[in-house]
Amino acid sequence: MSEVYFYHMTHAPLEATLPFLLGKSLEAGWRVVVRGREARRIAWLDEKLWLGPEEGFLPHGRAGGPHDADQPILLTTDDALPNGAAALVSIDGADVTSEELTGLTRAMILFDGNDPQAVDHARGQWKALTGAGVKAKYWSQETGRWEMKAESK
């Protein structure tokens, strides 16, 4: 079973944090699924990733096309992992269950620390996942840098 890293974003927004984590995931040799809750938000994110710097281009696609299985990074609102992902990134409160973590190397849950509902939802996910025996780490950028603040036993 994979570890789950919770990223409490307070300084850098999703469009800055996600490309950094995706780049690190690709460097590790992982295929990634980015799971959101709304198709409109996935479309927005897709556009942001395409407009990123050329030297940091992140090869990706949106789910639903004929080449989903070939995408190094697949953006979706579905629960499926059609690209053989080793990593799952949850954004905007998309659900992650302990059962689906089997076979993954890592899951990452990104949440907006300036949104009380997002923080409450992330706390609920932490409790559910660690309660099911999943190892978790909590990362915060309260100082402006990412620092690990907590780790489940």
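Close-up 1. At 45% relative accessibility, Glu38 counts as partly exposed, a class between buried (under 20% relative accessible area) and exposed (over 50%), with a 1.4 Å probe and protein chains only. Arg40 is exposed, at 67%. The two form a salt bridge whose closest N and O atoms are 3.7 Å apart; the term means a side-chain nitrogen of Lys or Arg within 4 Å of a carboxyl oxygen of Asp or Glu. This is a predicted model: local features need pLDDT of at least 70, side-chain atom pairs count only at pLDDT 80 or more, and totals for chains, interfaces and linings use all residues. Residues are numbered from 1 along each chain as its sequence is written, and side-chain values use heavy atoms, leaving out hydrogens and water.

**Close-up 2. Asp92 meets Arg41.** Here the closest N and O atoms of the salt bridge are 2.7 Å apart. The pair links distant parts of the chain, 51 residues apart: Arg41 sits in helix H2 (residues 39-50), and Asp92 in the loop between strand E5 (87-90) and strand E6 (106-112). Helices (H or I, at least four residues) and strands (E, at least two) are DSSP runs, numbered from the N terminus. Asp92 is partly exposed at 29%, and Arg41 is partly exposed at 28%.

**Close-up 3. Glu142 with Lys149.** In this salt bridge, the closest N and O atoms lie 2.9 Å apart. Glu142 is exposed, with a relative accessible area of 52%, whereas Lys149 is partly exposed at 38%.

**Close-up 4. A network of salt bridges.** Arg35, Asp79 and Glu100 are linked together in this view. The structure holds 8 salt bridges.
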